[in-house]
Amino acid sequence: MADLDVSKIAYQLPQPAGMLPDIFISAAMNLDGDERDWVAQSPDVSFKPLVLSVSQGYYVNILRVRSSGVLSRHRHTGPVHAFTLRGTWHYLEHDWVARAGDYAFEPPGETHTLVVPDDCAEMATLFHVTGGYTYVDPYGAALGYEDVFTKLANVRKHYEAIGLGAGYADRFVR
Ligand code: FE
């Protein structure tokens, strides 16, 4: 008998006990798809959740901003990876400008002020945010905070409001 070619055989053993289920989101990077995927934070700012990791304290989402000016000033407790998908944005504290295709790393501890320039009608950026961030005034005084749990609360409220039920958010929670 010829040697069995195992290269195309799926893994044959059970996955480990305690393993969390995977997440698959069709057309996740489609910025012009179903509007119900977008959770409004304000009239001009929405996000599309991809992963809400309550077990590890991070989240991955696409942030969409349809207004210009200062969006927020905040201080991070954890690292952030930012992949710009559409439009432009920058931080007042840095001289670079993020455009579609660009990547930025935001180090834990940094405070910065996000600005969308006047000539940008819409920016969309995939943010992987670990830990939380605190909204601050220019001198660091705390004004509020955001983390995976505030995001989840927003997502649950959104799906409840559009009639899919708060539990619809569970597909993003791990
Ligand atoms: Fe940031």
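A polar contact here is a pair of N or O atoms within 3.5 Å; within protein, one atom must be able to donate a hydrogen and the other to accept it, and residues adjacent in sequence count only if both atoms are side-chain atoms. By that criterion, the side chains of glutamate 122 and arginine 66 are joined by a polar contact of 2.7 Å. The model is predicted: local features need pLDDT of at least 70 and side-chain atom pairs count only at pLDDT 80 or more, while totals for chains, interfaces and linings use all residues. Residues are numbered from 1 along each chain as its sequence is written, and side-chain values use heavy atoms, with hydrogens and water left out.

**Glutamate 122**

- Glutamate 122 lies in the loop between strand 9 (111–116) and strand 10 (123–130); strands (E, at least two residues) and helices (H or I, at least four) are DSSP runs numbered from the N terminus.
- Glutamate 122 counts as buried because its relative accessibility is 14% (buried is under 20% relative accessible area, exposed over 50%, partly exposed in between, with a 1.4 Å probe and protein chains only).
- The side chain of glutamate 122 also makes a polar contact of 2.9 Å with the side chain of arginine 86.
- Not counting residues up to four places away in sequence, glutamate 122 touches Arg64, Val65, Arg66, Arg86 and Gly87, where contact means heavy atoms within 4.5 Å.

**Iron site**

- The protein donors of the iron ion are His74 (NE2), His76 (NE2), Glu106 (OE) and His112 (NE2), at 2.1 to 2.4 Å from the ion.
- Donors are N, O and S atoms within 2.8 Å of the metal (3.2 Å for Na, K and Ca); water is not among the atoms, so sites may look incomplete.
- Along the chain, the donors of the iron ion are spaced as H-x1-H-x29-E-x5-H.
- The arrangement is irregular because the four donor atoms subtend angles of 81 to 172° around the iron ion.
- Four donors count as tetrahedral if all angles lie between 85 and 135 degrees; four count as square planar and six as octahedral if opposite donors are over 155 degrees apart and all others between 65 and 115; anything else is irregular.

**Aromatic pairs and charges over rings**

- The whole structure holds eight aromatic pairs, defined for rings of Phe, Tyr and Trp (its six-membered ring) with centres within 6.5 Å; planes under 30 degrees apart are stacked, over 60 edge-to-face and the rest tilted.
- Tyrosine 91 and tryptophan 96 form an edge-to-face pair, because their ring centres are 5.7 Å apart and their planes stand at 80°.
- Tyrosine 91 is buried at 1% relative accessible area, whereas tryptophan 96 is partly exposed at 30%.
- Tyrosine 159 and phenylalanine 172 are a stacked pair, 6.5 Å centre to centre with 20° between the planes.
- Tyrosine 159 lies in helix 1 (residues 148–161) and phenylalanine 172 in the segment after helix 1, so this pair ties together parts that are 13 residues apart in sequence.
- Trp89, Tyr91, Trp96 and Phe127 make up one aromatic cluster.
- The charged end of arginine 64 sits over the ring of tryptophan 38, 4.4 Å from its centre; the criterion is NZ of Lys or CZ of Arg within 6 Å of the ring centre and within 35 degrees of the ring normal.
- The charged end of lysine 151 sits over the ring of phenylalanine 47, 3.6 Å from its centre.

**Alanine 100**

- Alanine 100 is in the loop between strand 7 (97–99) and strand 8 (103–106) and is partly exposed at 48% relative accessible area.
- Leaving aside neighbours within four places in sequence, alanine 100 is in contact with Thr84, Leu85, Arg86 and Gly87.
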